[in-house]
Amino acid sequence: MSDDPRDGLLLERMTSPAIRAAIDAGRTTALVACGAIEQHGPHLPLFVDSEHGERVALDVARALSDALVAPSIRVGCSEHHMKFAGTISFKDATFEAVCRDYCTSLARHGFRRICFIPSHAGNFAPIDEMMGRLREAAGPRTQVLAFTDLLALLSLWKRVVQEESGLGARVGGHADIAESSIMLALHPELVVRSAATAGFTDPITAEVREKFFREGFHSVTTNGIVGDARGMTAAIGSRCIEEAVSLVVAYIRAQPEPPSRAI
């Protein structure tokens with residue numbers, strides 16, 4: 001018998017009969033984390049968003065009584081990071097096709113609710129835009145949701161960092177003090193703390209945000225950081241994760257009940 005706390009919640013670690021039994025027993029919510037494999041400055045590994053998203057999804061499943069965690073979609077829409085070595089990106093159409101196939105597969109097995117949890121900023125808008133088509137693909141017996149309130153997540157990071165260290169102004173949204181702290185909590189051995197520095201620290205206006213996506217991150221930040229990574233702590237990271245989990249759980253619980261299996 002495994003003592004790994006992920007067993008019994010991650011689909012890919014379960015047997016098919018165990019999954020069938022779990023669904024039949026009422027675990028009919030599937031959580032899908034949507035991350036990225038992309039640059040995160042000179043001090044963080046490329047899988048920051050994917051590891052963060054998978055951890056959030058796992059903790060959300062622990063908080064709910066009816067959820068299992070589908071395999072994370074670890075590559076996302078990262079074209080705006082492609083000038084930085086190592087980044088891998090889906091086209092929007094590819095990403096949507098993957099999400100759609102997740103929905104049809106999970107719905108066929110009897111999941112009545114599928115919730116996408118993006119942890120990469122570049123995935124929020126594409127997921128939001130495709131929701132109608134994902135719901136159509138899943139069919140009337142399955143509810144498809146997505147937590148796509150990026151501003152709420154960034155506000156949470158700023159508040160937590162300010163309360164923990166007084167450095168809330170260093171939150172910029174990418175490889176900053178918040179994300180660096182999250183990675184320090186998850187994989188401290190992969191954080192190059194000596195390379196942590198400031199990046200683009202001017203206000204993120206609508207014009208700047210448009211330039212990020214139109215011309216690429218490199219047009220605004222030469223080191224790939226938006227914000228300032230200095231001052232990171234594992235305590236900040238742990239609290240950012242915990243409060244993000246609470247935010248997503250509250251979102252899911254606020255939604256209408258999924259369709260009955262009898263439909």
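Thr-29, Leu-31 and Ala-33 point one way from strand β1, Ala-30, Val-32 and Cys-34 point the other way, and all of them are buried (buried means under 20% relative accessible area, exposed over 50%, partly exposed in between, with a 1.4 Å probe and protein chains only). Keep in mind that this is a predicted model: local features need pLDDT of at least 70, side-chain atom pairs count only at pLDDT 80 or more, and totals for chains, interfaces and linings use all residues. Residues are numbered from 1 along each chain as its sequence is written, and side-chain values use heavy atoms, with hydrogens and water left out. Helices (H or I, at least four residues) and strands (E, at least two) are DSSP runs, numbered from the N terminus.

**Strand β1 and its neighbours**

- With 6 of its 6 residues buried, β1 is largely enclosed by the rest of the structure.
- On one side, β1 pairs with strand β2 (residues 67–69) in the parallel sense over 3 bridges; two strands pair if DSSP finds at least two bridges between them.
- Ala-30 has Leu-68 as its bridge partner in β2, and in β3 its bridge partner is Ile-114.
- β1, α2 and β2 make up a right-handed β-α-β unit (right-handed: with the strands pointing away from the viewer, the path from the first strand over the helix to the second runs clockwise).

**Strand β3**

- β3 pairs with β1 (residues 29–34) in the parallel sense, over 6 bridges, and Ile-117 in β3 is the bridge partner of Ala-33.
- β3 also runs parallel to strand β4 (residues 143–146), joined by 4 bridges, with Arg-113 standing opposite Gln-143 in β4.
- Another right-handed β-α-β unit is made by β3, helix α4 (residues 121–138) and β4.

**Glu-51 on helix α2**

- Glu-51 lies in helix α2, which spans residues 48–63, and counts as buried at a relative accessible area of 17%.
- Setting aside residues up to four places away in sequence, Glu-51 touches Arg-74, Met-183, Leu-186 and His-187 (contact means heavy atoms within 4.5 Å).
- The side chains of Glu-51 and Arg-74 make a polar contact at 2.9 Å (a pair of N or O atoms within 3.5 Å; within protein, one must be able to donate a hydrogen and the other to accept it, and residues adjacent in sequence count only if both atoms are side-chain atoms).
- Glu-51 and Gly-35 are 16 residues apart in sequence, and their C-alpha atoms are 7.7 Å apart.

**Aromatic pairs**

- The whole structure holds 3 aromatic pairs (rings of Phe, Tyr and Trp, the last by its six-membered ring, pair if their centres lie within 6.5 Å; planes under 30 degrees apart count as stacked, over 60 as edge-to-face and the rest as tilted).
- Phe-147 and Tyr-251 form an edge-to-face pair, 5.7 Å centre to centre with 70° between the planes.
- Phe-147 is in the loop between β4 and α5 (150–165) and Tyr-251 is in helix α8 (residues 234–253), so this pair ties together parts 104 residues apart in sequence.
- Phe-147 is buried at 7% relative accessibility, while Tyr-251 is partly exposed at 21%.
- Phe-200 and Phe-212 are also edge-to-face, at 6.3 Å centre to centre and 80° between the planes.
- Ring pairs link Phe-200, Phe-212 and Phe-217 into a cluster.
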